[in-house]
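Subject: Handover of a structure

Hello,

I am passing this structure on to you. Please have a look at it first, then read the notes below.

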Amino acid sequence: MSTPSPHGRSRIAALAVALTAASALTLAACNDDSGGSSTSSARPTAPDTASFSGNVASALASAKASVRAEASKRAASASAAASSFEASVSAEVELANKAARTELAKVDGAGNAMSDVTMTGKPRSETGGLLAVVVTITNKTDKTASYAAQVDFLDSSGKVAETRYVGAEDLEPGERAQPVAVSRKPTEPVLTPKVAKAQRY
């Protein structure tokens, strides 16, 4: 192989410089922002937190406050319903209940009218959450009579936690009355109502 002349070596060097310049221009064009670069940066950029409208802590606090407000509103509503139910008991019924208590104070034992008295529970949805029972009193005699009944509310051990009195006055033969005995104790622990005394007079 022959050695290039000095003139040929100059041409080869010039060609190499031209190729290097062309390569540099091509790379610059590929990295130009105005064109679609085939290679992208592997590092993602962090989001601009200044544009956020809130934070997680404040959102949770807001949610908790909303739940508390709803629970408070429901409790107030239940309390109002309970008060309304109790207020529906008329003054006349209250007088009959006082008379029943007075009459039962004279009675030893269970009384003479246990067979004339039955009891059924009222749904708490109708009583504002209170424990209430309908005491059905039926005059099974052939004469006009008045009745007094004692309802005990017992705890899980059978101990009397509360006592309520109901009555019905001047029932005709065969006539029926249905006074309501309402416990004013908290809903927990659950109490069990029981007719403890019933007196006809």
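Where is the place of Asp116? Asp116 sits in the loop between helix 3 and strand 1. Helices (H or I, at least four residues) and strands (E, at least two) are DSSP runs, numbered from the N terminus.

Two notes on the basis. This is a predicted model, so local features need pLDDT of at least 70, side-chain atom pairs count only at pLDDT 80 or more, and totals for chains, interfaces and linings use all residues. Residues are numbered from 1 along each chain as its sequence is written, and side-chain values use heavy atoms, with hydrogens and water left out.

Asp116 counts as buried, at 5% relative accessibility. Buried means under 20% relative accessible area, exposed over 50%, and partly exposed in between (1.4 Å probe, protein chains only). Leaving aside neighbours within four places in sequence, Asp116 is in contact with Thr136, Ile137, Thr138, Lys140, Tyr147 and Arg200. Contact means heavy atoms within 4.5 Å.

Asn112 lies in the loop between helix 3 (91–104) and strand 1 (117–121). Asn112 is partly exposed, with a relative accessible area of 40%. Beyond its neighbours within four places in sequence, Asn112 touches Ala198, Gln199 and Arg200 by the contact criterion. Asn112 and Gln199 are 87 residues apart along the chain, yet their C-alpha atoms are separated by 5.2 Å. A polar atom of the Asn112 side chain lies 2.6 Å from the backbone nitrogen of Arg200.

**The core**

The largest nonpolar core has 19 residues. Such a core is a set of buried Ala, Val, Leu, Ile, Met, Phe, Trp, Tyr and Cys residues joined through side-chain atoms within 4.5 Å. Among those with the most contacts inside it are Val117, Ile137, Tyr147 and Val151. Strand 2 (132–138), strand 3 (145–154), strand 4 and strand 7 each supply at least two residues of this core. Strand 3 gives the most, with five residues. In soluble globular proteins, nonpolar side chains tend to be buried together.

Take Val151. Leaving aside neighbours within four places in sequence, its contacts include Met119, Val133, Val135, Ala181 and Pro193.

An open sheet of three strands has the order 4-3-7, with antiparallel pairing. Two strands pair if DSSP finds at least two bridges between them. Strand 4 and strand 7 are the edge strands, and each pairs on one side only. Nine bridges join strand 3 to strand 4. Leu154 stands opposite Val160 in strand 4.

Asp170 lies in strand 4 (residues 160–171). Its phi is near 55 degrees, a positive value in a residue other than glycine. Is Asp170 buried or exposed? Asp170 is exposed, because its relative accessible area is 54%.

Ser183 lies in the loop between strand 6 and strand 7. Ser183 is buried, with a relative accessible area of 2%. Leaving aside neighbours within four places in sequence, Ser183 is in contact with Leu130, Leu131, Phe153, Glu162 and Leu191. A polar atom of the Ser183 side chain lies 3.2 Å from the backbone nitrogen of Lys185.

Pro189 is placed in the loop between strand 6 (180–182) and strand 7 (192–200). The peptide bond from Glu188 to Pro189 is cis, with omega near -5 degrees.

Best wishes

Technical notes:
Polar contact = N/O pair within 3.5 Å; in protein donor to acceptor, adjacent residues only side chain to side chain.
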